[in-house]
Structures are given as structure tokens and as C-alpha cells.
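Subject: Structure handover and notes

Dear colleague,

Please find the structure below, followed by notes on what was found in it. I would be glad if you could read the notes beside the coordinates.

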Amino acid sequence: MAKKVLVTGGTGYIGSHTVVVLQEAGYEVLIIDNLSNSNIDVIEGITRITHTRPVFEKVDCTDMDGMRAFFEKYPGIDGIIHFAASKAVGESVRKPLLYYRNNIVSLLNLLELMPEFKVKGLVFSSSCTVYGEPDKNPIDEDAPIKPATSPYGNTKQINEEIIRDYIHSGALIKSIILRYFNPIGAHPSAEIGELPIGEPQNLVPYITQTAIGIRPYLKVFGNDYNTPDGSCIRDFIDVMDLSRAHLVAMDRILEGKSDENMEIFNLGTGRGVSVLELIRVFEKVTGKPLNYKIVGRREGDIEQIWANPEKANKVLGWKAETPLEETLASAWKWQLKLRERGIM
Ligand code: WQD
């Protein structure tokens, strides 16, 4: 009997890629999403890849009645991967109450429902944002958690504390918290990928939209940082590598491989790459010179952060393997497919 996993936010960027990996590993996958930041057509893309249509219901995780009705309708869910959240740093500064309500109430609802419906495990989508500006890099899971630099980052810190305290209170659930660095790229088939609504906030979709002519040029937010080329440094991780880590984490929980009730892992490549370096790799891979301008720094940006992924490598037996060139080629292939389909 296939194990059942609920993926909240499963029509989103990382959620949809994780659904594909879970289905291909034999899980029965159910998706709920409120479609506030994603499109239901993603379900078609997933189905074209795996030939298995996941259950989908439009549910808002902050709606407790709607959530309870879902669990009553679909009994026997073994685990949850919780992606559903608002995630734009800049927007969170402008709309903090939306972020606190959405990102915290949705988790509280899930945690309350899990024991009621005998759901054993929770894999939680967190972020390296919880670290703030690191004192040193690469950063490991024991690094100090500094005051968040945005309401978005604060909601992730608070969510992690809620999970910790709930489990400490004796809740009969197990949780693995995954702190992502910078997810980029798309499924190799280009059937699914990152599809930001409106002007992209993140670097790589802005680059691909500039290269295809949707945006006149890329603004590089600052080249006066204390880094080798002056631009910020990040740990860019392929979205498929990241998705595979969720499969490993869910397996670990449901197969009882861990003695701990809560574990935390950094998911990165362990390699810092600057914004300007990434642009050069993109130009080399695609053969397309990129039109960009150096402008002022973006408020809230961290200067440099990259992961020490040793704990995930050793304990999970997981490693980010995809070369940056391949990841950027997949992002470009996805952008070309969107153009081919007349989507953008
Ligand atoms: C990366 C670098 C920018 C756009 C955020 C969240 C993180 C995660 C990923 C959710 C920075 C520079 C960007 C542009 C640029 N989100 N940049 N021009 O801010 O590192 O991380 O998104 O899980 O939690 O904090 O990602 O892609 O926005 O920026 O120069 O048009 O690219 O200054 O140095 P970020 P990003």
C-alpha cells in the first residue's frame, strides 16, 4: 500500500518539483494550495511528467474548517510536506500582518490536525534566512540564529520554534526542518519550473526574463560589497536536488530511521557563487550576453551566505550534485518553453 503524503503549496515552485519526485518514488501525493501565488495548470505539467494526476483541492491552510474537511475526506495521510507560505522578503516588509497570519496560522492549523488524523511526520520548508547575516561561511545548523532581517524571515524562525515547542510538549509527531539556500532551475523536461507572478523578485527568473526580452535589463543590486567581485554571494541549489532532499526526509520519518523527534538540515551545495559570477555562467551556457546594470543595494540583502551541507550529506545521505551550468540551462529551457506556449 503506497504511503500517502500531503504537499501543501504543491502547485508552487519547490512544491511542484517535490510532488514529481515523491510520485516517482511511489508515494500517493495529495496537493492543497490556495493558488494565491501559483497556477492550477501546474497540475497538468506534473501529470505530463509522471503520468499520475495528484489529488488537488483548492484549500487555504489558514482556514481550519476547510483543512479539517480535507483530512476527513482523505483519511490515512501518513506525512505532510508544508510549503504553503508567503515568501517574498520585500513584500513581507510592506505587508507584515499578511505574512504573520498566513505563515503562522497555516502551520498552527496543521500541527493541531496531525494528531487528530494520526499523521506521523512533518517536513517543514524553512530557509537560510533564519540565520540573518552570518559571522562566517560556510554556515552550519549550529550557527547562531540572529534577529530576522524581515517579517518573512521572522515567520520562519517563529515556525521553527512552534514546531520545537509542540514536539517538546509531547506531541506524537516527528519533524524534519529543511533550511533552503537559494533554489534555482527547473525540471529537465521544462514541463514545470519557477513561474513568478508579475515582476520576479528572485535573481534567476529575472535573468531569464531579461535574456528572452521580457525585461529590458537586470538590475544588479550593488557591487560594493566586501566580496571578491563586489556583488553578493549565495549558495544556488538546483531545485531537483532540493526536491530529492524532501523525499529522503519523508522516508527517514516514515521508516523510523531517526531516534530524534525533530532534526534540522541545511540544504545547499556548500559553494558560494556571486551574482556577477552567476551572470557569466548563464551567458556562457546560453551564448546570450545579458543586459544588466549595477544599481544601489537592495534593502535587507545579506552580503554573503553559503551552506555547510555536511550534516545533510552524512545523516541524510543526500548531496546536491547538479552543476550550476546544468541548472542554469534548465532555467533557460523552461523560459523558452513558456515563450513557445505563449505564456510569457
Ligand atoms: C539573490 C541575490 C540580490 C534580484 C530570497 C529569500 C530566501 C529564498 C530565496 C524563499 C541577492 C541579487 C536579485 C535582482 C539582483 N526565498 N538580485 N537583482 O534574497 O538571496 O533569498 O529568495 O525561500 O528565503 O530570502 O534571493 O534571488 O532575491 O537574490 O541583483 O533582480 O541576487 O541582491 O544578492 P535571496 P534573490
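Buried here means under 20% relative accessible area, exposed means over 50%, and partly exposed is in between, computed with a 1.4 Å probe on protein chains only. By that scale cysteine 61 is buried, with a relative accessible area of 5%, and cysteine 128 is likewise buried, at 7%. This is a predicted model, in which local features need pLDDT of at least 70 and side-chain atom pairs count only at pLDDT 80 or more, while totals for chains, interfaces and linings use all residues. Residues are numbered from 1 along each chain as its sequence is written, and side-chain values use heavy atoms, with hydrogens and water left out.

Taking a disulfide as a pair of cysteine sulfur atoms within 2.5 Å, the count comes to 0. Cysteine 128 is in no disulfide, and the nearest cysteine sulfur, that of cysteine 232, is 12 Å away.

Next, the nonpolar cores, each being a set of buried Ala, Val, Leu, Ile, Met, Phe, Trp, Tyr and Cys residues joined through side-chain atoms within 4.5 Å. The largest has 39 residues, and those with the most contacts inside it include Leu22, Tyr27 and Trp318. Among the elements that each supply at least two residues of this core are strand S1 (4-8), helix H1 (13-24) and helix H8 (239-254), where helices (H or I, at least four residues) and strands (E, at least two) are DSSP runs numbered from the N terminus. H8 gives the most to this core, with 9 residues. A second, separate core of 29 residues includes Leu6, Phe70, Leu107 and Ile264.

As for aromatic pairs, rings of Phe, Tyr and Trp (its six-membered ring) pair if their centres lie within 6.5 Å, and planes under 30 degrees apart count as stacked, over 60 as edge-to-face and the rest as tilted. The whole structure holds 4 such pairs. Phenylalanine 70 and tyrosine 74 form a tilted one, at 4.7 Å centre to centre and 40° between the planes, and both residues are buried. Phenylalanine 282 and tryptophan 332 form an edge-to-face pair, at 5.8 Å and 85°. Because phenylalanine 282 lies in helix H9 (residues 275-286) and tryptophan 332 in helix H11 (residues 324-340), this pair ties together parts that are 50 residues apart in sequence.

With kind regards
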